[in-house]
Amino acid sequence: MARAEAALKAGHPPDFCPTAGDLPAITTEKVANSDDPLAHEIFELVGRRLGQGLAVLIDVLNPQRIIIGSIYLRQRHRLEASMQTVLKQEALSYALGVCEIVPAGLGESIGDYAALAVARYQH
């Protein structure tokens, strides 16, 4: 929201937030559906932050596979390049070389299955 607000103040409103009154209504979906340069910048930042977080996990846990759902599942094409760039810079190369990062195979149903699993094990 801060970047959109700065763009508005500079006189360059992004298409996903044409007025200051639209700031509270910004959603990930609106940004994701935008081809505005600011939307690209936001997803670049999100991809870098994702890469930084994954680099820590890879270095500490040395997993063979990391499965990511949510926004990664829906916006992989916008996040992948910046995420991989940061991973190559920050993760231990050997650990990164044996770690596969994949989208969740359950797709958009992952939340449904998680809720069912919680309900099942609460009995």
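Begin by selecting Phe16, Leu54, Ile58, Ile66, Leu87 and Ile101: of the 25 residues in the largest nonpolar core, these touch the most other members. A nonpolar core is a set of buried Ala, Val, Leu, Ile, Met, Phe, Trp, Tyr and Cys residues joined through side-chain atoms within 4.5 Å; buried means under 20% relative accessible area, with a 1.4 Å probe and protein chains only. The model is predicted, so local features need pLDDT of at least 70 and side-chain atom pairs count only at pLDDT 80 or more, while totals for chains, interfaces and linings use all residues. Residues are numbered from 1 along each chain as its sequence is written, and side-chain values use heavy atoms, without hydrogens and water.

Next, colour the elements that each supply at least two residues of this core: helices H1 (2-9), H2 (28-32), H3 (37-61), H4 (70-90) and H5 (93-97), and strand E1. Helices (H or I, at least four residues) and strands (E, at least two) are DSSP runs, numbered from the N terminus. H3 gives the most to this core, with six residues.

Now select Leu87. Leaving aside neighbours within four places in sequence, Leu87 is in contact (heavy atoms within 4.5 Å) with Gly51, Leu54, Ala55, Ile58, Leu96 and Ile101.

Move to E1, residues 65-68: Ile66 and Ile68 form its covered face, Arg65 and Ile67 its uncovered one. In a regular strand the side chains alternate between the two faces of the sheet. E1 pairs in the parallel sense with strand E2 (residues 100-103) over four bridges, where pairing requires at least two DSSP bridges. Opposite Ile66 stands Ile101 in E2.

Finally, select Ser34 in the loop between H2 and H3. Not counting residues up to four places away in sequence, Ser34 touches Asp15, Phe16, Ala39 and Arg78.

Notes. Buried < 20%, exposed > 50% of the residue type's maximum accessible area, 1.4 Å probe, protein only.
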